Amino acid sequence: MRELEEFFKGLFSTTEWPARWNCGYWSDFHGWVYIVSELLIWAAYFLIPLIILNYLSRKKTALKFNKAYLYFAAFILLCGSTHFLDALMFWVPMYRLNALLRLATAVVSLATVYHLIKILPEAFKQKTNVELENEIFKRKQIEHQLEEANKGLAAFAYVASHDLQEPLRKITIFTSKLLQTNKNNLDDEGKELANKVLDSSERMRNLIQDVLTLSSIVETGDLSKVDTEKAVQTAIENLELPIKEKNAVVRCGKLPRVFGNEAYLSQLFFNLIGNALKFSEGPPVVDISGEVKEGRAFLHVSDNGIGMKEQDLNKIFDAFHRLNSKTKFEGTGIGLSICKRIVELHNGTINVTSTVGKGSVFTIELQAADA
């Protein structure tokens, strides 16, 4: 204990030992080669931690093993300090300080080794730059193939749907003409069958129209500031007849502007309001409201319709998925798929909450234009 106390009391003492110039037989050339070499090593060891810390400060959010960089920087800095003291002791023989510095260097060195061994299993799991580049290349190839496949499917859907309309139109015209010409010769069963053909033709026409709409929704390109209230008003104008037929009430409050495509957003509200009109057992009431939070616009479309069960909420955005009988409620099962597609093209989200018998609330999140 006494030796330890004496050690720290004389930590910076230079009287117990001669300067290194006076130890042995140093020639000027030999001594200065030693001193310059030690100082150059110290300079390099001093600069390397600065470079590491600068790199760490710039990339800290992207780096995985931040603590390892700090350990390594401290280790190199301490190693460099021992070389600096070795050069300094040619004039100032602080051997106690040199010993303490070397002890600190040894402790930090072992701590660095321990930390590296600790993270080694996880480090081996990390992919090299070459592996990441190969993975990115393969992913780009797959994305390109998927993009080409989607373009092909969209083109096929458009052509197929467009070509189906002409024979369907003829079926409707000929069946109507047949029913009108032979209304006095057909019995009740014949008239019922003819009307079923017409009803089926109308459902097919609506289905083809929805498939055409879905296949025509492509990338929006550059998004511009859109007056959401104007988009809603366009949708309401296009739904003027069914709104009157249903004695519906559609109310629109103050809505925030968003970055988007006005035509697509009008189609979005057209489908959501149209759904509210279809799936209601009494006079429909639709309320549209909006708010802005942290640069995001939240648009709410609520109705007093038949509502949905909680277990069905994740299914309604799938194409051709219907929750209700087509004989009771008209529709093709594509409308909400169109909504989801439009929202995703705007880098947004669409969600729904619902209570059976009380209605539903659709919430669309988009980038606000006036945040």
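Me: Where is His 83 found?
Reply: This is a predicted model, and in it His 83 belongs to helix α3.

Me: Which residues is His 83 in contact with, leaving aside its neighbours within four places in sequence?
Reply: With those neighbours set aside, His 83 contacts Glu 38, Ile 41, Trp 42 and Tyr 45. The side chains of His 83 and Glu 38 are also joined by a polar contact of 2.4 Å.

Me: And helix α3 itself, at what angle does its axis cross that of helix α4?
Reply: The axis of α3 (residues 66-88) crosses that of α4 (residues 95-125) at roughly 155°, and the two axes come within 9 Å. Angles over 145 degrees count as roughly antiparallel, so α3 is roughly antiparallel to α4.

Me: Is the crossing left-handed or right-handed?
Reply: The crossing of α3 past α4 is left-handed. The contact of these helices has 15 nonpolar, 7 polar and 3 charged residues.

Me: Changing topic to the strands: how many bridges join β2 to β4, and do they run parallel or antiparallel?
Reply: Strand β2 (residues 249-252) and strand β4 (residues 285-293) run parallel and are joined by 4 bridges. Val 249 has Val 285 in β4 as its bridge partner.

Me: In what sense do β4 and β5 pair?
Reply: β4 pairs with strand β5 (residues 296-303) in the antiparallel sense, over 8 bridges. Within β5, Leu 299 stands opposite Gly 290.

Me: What about the hairpin of β4 and β5, which residue takes a positive phi there?
Reply: Glu 294 does, with phi near 50°, in a hairpin that has 2 residues between the strands.

Key: Residues are numbered from 1 along each chain as its sequence is written. This is a predicted model: local features need pLDDT of at least 70, side-chain atom pairs count only at pLDDT 80 or more; totals for chains, interfaces and linings use all residues. Side-chain values use heavy atoms; hydrogens and water are left out. Axes are lines fitted to C-alpha atoms, for helices over the stretch in contact, and angles run from 0 to 180 degrees between N-to-C directions. Angles under 35 degrees count as roughly parallel, over 145 as roughly antiparallel, 65 to 115 as roughly perpendicular and the rest as oblique. A crossing is left-handed if the near helix is turned anticlockwise from the far one by less than a right angle, and right-handed if clockwise. Ala, Val, Leu, Ile, Met, Phe, Trp, Tyr, Cys and Pro count as nonpolar, Asp, Glu, Lys and Arg as charged, and the others, Gly among them, as polar. A polar contact is a pair of N or O atoms within 3.5 Å; within protein, one must be able to donate a hydrogen and the other to accept it, and residues adjacent in sequence count only if both atoms are side-chain atoms. Contact means heavy atoms within 4.5 Å. Two strands pair if DSSP finds at least two bridges between them.
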